[in-house]
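Subject: Handing over the structure

Hi,

As promised, I'm passing this structure on to you.

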Amino acid sequence: MSKEELNKPIDLYTWSTPNGRKVSIMLEEVGLPYNVIPIDITNGDQHSDEFDVLSPNHKIPAIVDHEAGIHLMESGAILMYLANKTGMLMDSMEGNYWQQMEWLMLQMAHVGPMLGQTHHFVKFNPGKSPYAEERYRNETARLYQVLEVRLKTRDYICDEYSIVDIATWPWISRYDFQQMNLRHYPRLMDWYLRIAERPAVQRGYGVPQKLEVPIPD
Ligand SMILES: N[C@@H](CCC(=O)N[C@@H](CS)C(=O)NCC(=O)O)C(=O)O
């Protein structure tokens with residue numbers, strides 16, 4: 001996309017991955033107009049000098065908010081920023097804020113990094129390290145069970161639909177990469193399908209490449 005075409009107030013630098021989809025889903029949910037700038041991480045675009053300014057860790061996603069004169073990397077920080085900017089999908093400190101932070105940090109520190117390693121070893125490099133495959137497969141199953149137990153008494157991870165669900169759902173949507181059967185986790189499966197039905201989630205999932213939300217058989 002040429003610079004002249006970037007006429008919306010927010011630029012989203014992203015690729016079709018769970019961390020990227022968190023932010024496109026959030027932008028769709030809160031209804032903020034945004035330009036999509038694909039960063040093809042399979043082609044090394046994340047290492048360009050231009051992108052280094054926005055994301056010195058050379059990972060997507062990143063955003064620029066031209067109205068506010070701010071740029072941000074790290075999907076959790078971006079979700080909090082957009083929730084704060086719009087007053088949507090994150091509670092005030094008098095409400096459920098700290099519980100949401102607890103589960104958002106669990107997503108950022110465990111669900112994303114561990115399931116990401118499962119993608120690396122189990123999906124993309126099978127046979128290279130049986131120890132790592134077993135370790136991350138077990139960790140993935142353990143985290144699915146943590147979410148299953150959490151969702152036994154609520155429809156969303158922190159009661160109401162929030163940035164915590166938006167941060168977590170795109171990782172579970174890669175259940176096939178993780179060789180996980182969502183039917184073995186009925187509450188997690190219900191939660192997954194409940195969120196998959198949301199039009200904003202379906203639109204955000206298809207950024208930057210138009211793809212359909214996966215639905216388990
Ligand atoms: N903690 C970061 C992780 C971002 C991340 O790992 N992004 C991946 C795609 S999901 C990436 O850009 N990978 C490119 C690379 O490692 O070179 C976040 O949540 O934003």
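Here is what I found, going from the overall layout down to single residues.

Two housekeeping points. Residue numbers start from 1 along each chain as its sequence is written. The model is predicted, so to speak: local features need pLDDT of at least 70 and side-chain atom pairs count only at pLDDT 80 or more, while totals for chains, interfaces and linings use all residues.

**Domains**

The chain splits into domain 1 (3-86) and domain 2 (97-198), with bounds that come from an automatic or database domain assignment. Their C-alpha centres are 23 Å apart. Across the boundary, 12 residues of domain 1 are in contact with 9 residues of domain 2; contact here has C-beta atoms, placed from the backbone, within 7 Å. On the domain 1 side, α1 and α3 are the elements that give two or more residues, and α1 has the largest share with 7 residues. (Helices, H or I with at least four residues, and strands, E with at least two, are DSSP runs numbered from the N terminus.) That side divides into 6 nonpolar, 3 polar and 3 charged residues. For those classes, Ala, Val, Leu, Ile, Met, Phe, Trp, Tyr, Cys and Pro are nonpolar, Asp, Glu, Lys and Arg are charged, and the others, Gly among them, are polar.

**The ligand**

Around the ligand there are 13 residues, the closest being Thr17, Asn19, Ile41, Lys59 and Ser75.

α3 has 12 residues and spans 16 Å from its first C-alpha to its last, close to the 16 Å expected at 1.5 Å a residue (the expected span is 1.5 Å times one less than the number of residues). Its buried residues are Ser75, Ile78, Leu79, Met80, Leu82 and Ala83. Buried is 20 or more other C-beta atoms within 10 Å of a residue's own, exposed is 12 or fewer, and partly exposed is in between, with C-beta atoms placed from the backbone. The buried residues of α3 pack against α1, β3 (62-65), β4 (70-73) and α6. Just after α3, Gly87 has a positive phi of about 70°.

α4 (residues 97-124) has a kink of about 40° centred on Gln107, where the bend is the angle between axes fitted to the seven residues ending at a residue and the seven starting there. Gln107 is also buried, and among the other buried residues of α4 are Trp103, Leu115 and Phe121. The cover over them includes α1, α3, α5 (130-150) and α6 (163-172).

**Loops to look at**

Glu94 sits in the loop between α3 and α4, and Glu94 counts as exposed because it has 6 C-beta neighbours inside 10 Å.

The loop between α2 (49-54) and β3 holds Pro61, and the peptide bond from Ile60 to Pro61 is cis, with omega near 5°. His58 is found in the loop between α2 and β3 too. His58 has a positive phi of about 60° although it is not a glycine, and with 16 other C-beta atoms within 10 Å it is partly exposed.

Cheers

Terms used. A residue is near a molecule or strand if its C-beta atom, placed from the backbone, lies within 6 Å of it. Two residues are in contact if their C-beta atoms, placed from the backbone, lie within 7 Å.
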